[in-house]
Amino acid sequence: MTYTLGLLTQIADGLSRQFGPDCEVVIHDLKKHDMEHSIVYITNGHITNRQVGDGPSKVVLETLHNKDAASLKDHLGYLTRSANGRILKSSTFYIHNEEGDAIDYILAINFDITGLMTVDRAIKALIDTEPQSDAKKQPDQIVTNVTDLLDSLIEQSVLMIGKPAALMNKYEKVAAIQFLNDEGPFLNTKTGDKNAK
């Protein structure tokens, strides 16, 4: 089935109307090959403070970096975090072209569950008899542009190694650069200077 941008915007409007103002729906256009302005439609952009014309998320970069588009499967019900600390339940849908060998669009749903998590914690505190573990993986941050995305990925690479770049040995620097290469920021030639630093 071929999905047009018009059909996807209709679906986006319907989803955000169904689930209300806490549900952001974003459409990234990958056919344009304009990485810095991949968002072509967004509803309830106040959730992540993004708008039409903003840049890609980590998911978009990973998609562009993946050479086998046919192998990409929708990613449903995972946690992300907005820049202002809101916790979101997110789902990503890969819209393939008619041949199935490329991704034309990404449709992403980000539902703000911060308030629900507060209620959930309060209920668990009342009914839970076992101690809760605080050891949880931090959700990925949703950024608004390529620069912020690069900053976030560089920070992750430094955390992965466990020391600042100035104190890394050759092998640790290679590992940090390999992490960045795997995450995809080298796809954007404008990030070269920042990556080098």
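Good morning, colleagues. Please note that this is a predicted model, in which local features need pLDDT of at least 70 and side-chain atom pairs count only at pLDDT 80 or more, while totals for chains, interfaces and linings use all residues. Residues are numbered from 1 along each chain as its sequence is written, and side-chain values use heavy atoms, with hydrogens and water left out.

I begin with the charged pairs. Side chains of opposite charge can pair when their charged atoms come close. How many salt bridges does a search of the whole structure find? The search returns three, where a salt bridge is a side-chain nitrogen of Lys or Arg within 4 Å of a carboxyl oxygen of Asp or Glu.

In one of them, glutamate 24 meets arginine 50, at 2.9 Å from N to O. Glutamate 24 belongs to strand 1 (residues 23-29) and arginine 50 to the loop between strand 2 (39-43) and helix 2 (58-65), so this contact ties together parts that are 26 residues apart in sequence. Helices (H or I, at least four residues) and strands (E, at least two) are DSSP runs, numbered from the N terminus. Are these two residues buried or exposed? Glutamate 24 is buried, at a relative accessible area of 0%, and arginine 50 is buried as well, at 6%. Here buried means under 20% relative accessible area, exposed over 50%, and partly exposed in between, with a 1.4 Å probe and protein chains only.

Another salt bridge joins the side chains of arginine 86 and aspartate 112, again with an N to O value of 2.9 Å. This pair links distant parts of the chain, 26 residues apart: arginine 86 sits in the loop between strand 3 (75-81) and strand 4 (87-96), and aspartate 112 in strand 5 (residues 103-112). Arginine 86 is partly exposed at 33% relative accessibility, whereas aspartate 112 is buried at 9%.

Aspartate 120 is partly exposed at 36%, and lysine 124 is partly exposed at 39%.

Finally, the surface. Which residues form a nonpolar patch there? They are Val119, Ile123, Leu126 and Ile127, with about 450 Å² of accessible area together. Leucine 126 lies in helix 3 and is exposed, at 75% relative accessibility. Patch members have over 30% relative accessible area and no salt bridge, with like charges joined within 9 Å and nonpolar side chains (Val, Leu, Ile, Met, Phe, Trp, Tyr) within 5 Å. Accessible areas come from the Shrake-Rupley method with a 1.4 Å probe; for residues, only the protein chains shown count as cover.
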